[in-house]
Amino acid sequence: MAISIRPQPIECPECNYQGKSLIKKSDFGLLILFLLLLVASFFLLFWPLFILSLVILCWLLVKRSNKVCPNCRFEIPIQK
C-alpha cells in the first residue's frame, strides 16, 4: 500500500531514475472534506461527523496511488 497524499521513493524501469515520484491523481477534494468535517465535528460537538472524518482519513492514507517518474513521465505500475 502507498500513501496517496505524498510522493514515494521509486526506481524507474525506463530511465533508471531513483528518487521521489510524482502522484498522478491526487484526492485533494477528499482531504478538504476531511478537514471540514473535522472542524465541524469539534464546533458542533457531533461525534458521528468525527467518526466519518476519521474513516475518510484512513481511506486517504491506505488507498493505492498512481506514481509517475518525474524524469521521463513513465507511469510506475501499482504493485500488488
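Predicted model: local features only at pLDDT ≥ 70, side-chain atom pairs only at ≥ 80, totals over all residues.
Start with Cys12. Cys12 is in no disulfide. Its nearest cysteine sulfur belongs to Cys72, and that atom is 3.6 Å away. The cut-off matters here: a disulfide is a pair of cysteine sulfur atoms within 2.5 Å. Is Cys12 buried or exposed? Buried, with a relative accessible area of 1%.

Next, Cys69. Cys69 is in no disulfide either. Here the nearest cysteine sulfur is that of Cys15, 3.7 Å away. Cys69 is buried too, and its relative accessible area is 0%.

One is Asn16. Its phi is near 60 degrees. That is a positive value, and the residue is not glycine. Where is Asn16 placed? In the loop between β1, residues 9-11, and β2, residues 18-20. Asn16 is exposed, with a relative accessible area of 57%.

The other is Arg73. Phi of Arg73 is near 65 degrees. Again, a positive value in a residue other than glycine. Which loop holds Arg73? The loop between β4 (67-68) and β5 (75-76). Buried or exposed? Arg73 is exposed, and its relative accessible area is 56%.

To recap. Cys12 is buried, and so is Cys69. Asn16 has a positive phi and is exposed. Arg73 has a positive phi and is exposed.

Technical notes
Residues numbered from 1 in each chain as written. Heavy atoms only, no water. Buried < 20%, exposed > 50% of the residue type's maximum accessible area, 1.4 Å probe, protein only. Helix = DSSP H or I, 4+ residues; strand = E, 2+ residues; numbered from the N terminus.
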